[in-house]
Amino acid sequence: MRILLTGISGQVGAALMPVLGRLGTVVAADRARLDLARPQAIAAALDALAPDLIVNPAAYTAVDRAEDERDLAFRVNAEAPYAMARWAAARGVPLVHFSTDYVYDGRGTQPWREGDATGPLCVYGASKLAGEEAVRAAGGPHLVVRTSWVYAASGANFLRTMERLARERSELRVVADQIGAPTSAALIADALAAVLASGQDDIAGRFAAASGLVHLAASGETSWHGFAAAIVAGLRARGVPLKVETVTAITTADYPTKAHRPANSRLDLGRLRTMFGVATPDWQAALQPELDRLAAELKG
């Protein structure tokens, strides 16, 4: 099986490369081979690459900048997935497309189920929701995977930002009224590989049985403040020299951003367990190997 993987320079794409290699031949598509900012060229690129399965974690993810770059965000996050999905549907090629908790409005305290009403609060979330709808509209075999609070030991993300600030500042002020599950790219890669392996003989049928949509995140929940405190404690326990003395909880109102974020990013993982037999580890357990890698880098 030839598996086309996009976004290979991103956190999820990089984590997926080795695990998807256990399921088939991975065709890594960087921007030179498949430019999502040019949807009109995608069909021809896919003709040349000829995949049997497409896995698309690539996206425009600059949440605040998207408020000023709406056209680019929608081109990459909605028009490009539609072009990909139309090509795949015409050939019966299954497509895995990644989405986000930002498609929800963040009200309440209950974990969001796949069938709950969406209501994005920002351009980024709206563009990702449009991408989901475009993939469904194409009519081919597909699985939209919504995840949340993605991080890794490498790249630009919350873990790396907190690590840097903890070495520079005596106090970190972090939002405590947004709740979700920090989810490592490695966890996502392992879980998706398990999803694909569970139905390898009939991927399209398994996707359809799950209504083409599943939530995939770490188990448990915390706030950004709780996540930051765990990062600081974990790095300190691993002997990383830090300047920070206090991690202070603040409200979203204390830290205004251009794009509005959902306060409740909890994702219900029941469908992942019942339809694919995949149970994800607690976010704290999944954080430990990332802290190990980061500490080794910083001390090495």
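What follows is a chat about helix packing and a cavity in a predicted model.

Visitor: What are the ground rules here?
Guide: This is a predicted model, where local features need pLDDT of at least 70, side-chain atom pairs count only at pLDDT 80 or more, and totals for chains, interfaces and linings use all residues. Residues are numbered from 1 along each chain as its sequence is written, and side-chain values use heavy atoms, with hydrogens and water left out.

Visitor: At what angle do H3 and H4 pack?
Guide: About 15 degrees, with the axes of H3 and helix H4 (residues 123-138) 8 Å apart. Axes are lines fitted to C-alpha atoms, for helices over the stretch in contact, and angles run from 0 to 180 degrees between N-to-C directions. Helices are DSSP runs (H or I, at least four residues), numbered from the N terminus.

Visitor: So is H3 roughly parallel or oblique to H4?
Guide: The angle makes H3 roughly parallel to H4. Under 35 degrees counts as roughly parallel, over 145 as roughly antiparallel, 65 to 115 as roughly perpendicular, and the rest as oblique.

Visitor: Which residues touch?
Guide: Contact means heavy atoms within 4.5 Å. Among them are Phe-74, Tyr-82 and Ala-85 of H3, and Tyr-124, Lys-128 and Val-135 of H4. The contact of H3 with H4 has 14 nonpolar, three polar and three charged residues. Ala, Val, Leu, Ile, Met, Phe, Trp, Tyr, Cys and Pro count as nonpolar, Asp, Glu, Lys and Arg as charged, and the others, Gly among them, as polar.

Visitor: And H2 against H3?
Guide: The axes of H2 (residues 42-49) and H3 (residues 70-91) come within 9 Å and cross at roughly 45 degrees, so H2 and H3 are oblique to each other. Ile-42, Ala-43, Leu-46 and Asp-47 of H2 meet Ala-80, Ala-83, Met-84, Trp-87 and Arg-91 of H3. That contact has seven nonpolar, no polar and two charged residues.

Visitor: What about H8 and H10?
Guide: Helix H8 (residues 224-237) and helix H10 (residues 283-299) pack at about 45 degrees, with axes 10 Å apart. The contact includes Phe-227 and Ile-231 of H8, and Trp-283 and Leu-287 of H10. By class, the contact of H8 with H10 has eight nonpolar, two polar and no charged residues.

Visitor: Switching topic, how many cavities of 30 Å³ or more?
Guide: One. A cavity is a set of points on a 1 Å grid over the protein atoms alone, where a 1.4 Å probe fits but cannot get out; lining residues have an atom within 4 Å of a point.

Visitor: What lines the largest cavity?
Guide: Ala-85, Ala-88, Leu-95, Val-135, Gly-140, Pro-141 and His-142. The lining has five nonpolar, two polar and no charged residues.

Terms used
Helix = DSSP H or I, 4+ residues; strand = E, 2+ residues; numbered from the N terminus. 1 Å grid on protein atoms, 1.4 Å probe; cavity = no way out; pocket = protein on both sides within 12 Å on 5 of 7 lines; lining within 4 Å. Points joined across faces, edges and corners; volume = space filled by probe spheres on them.
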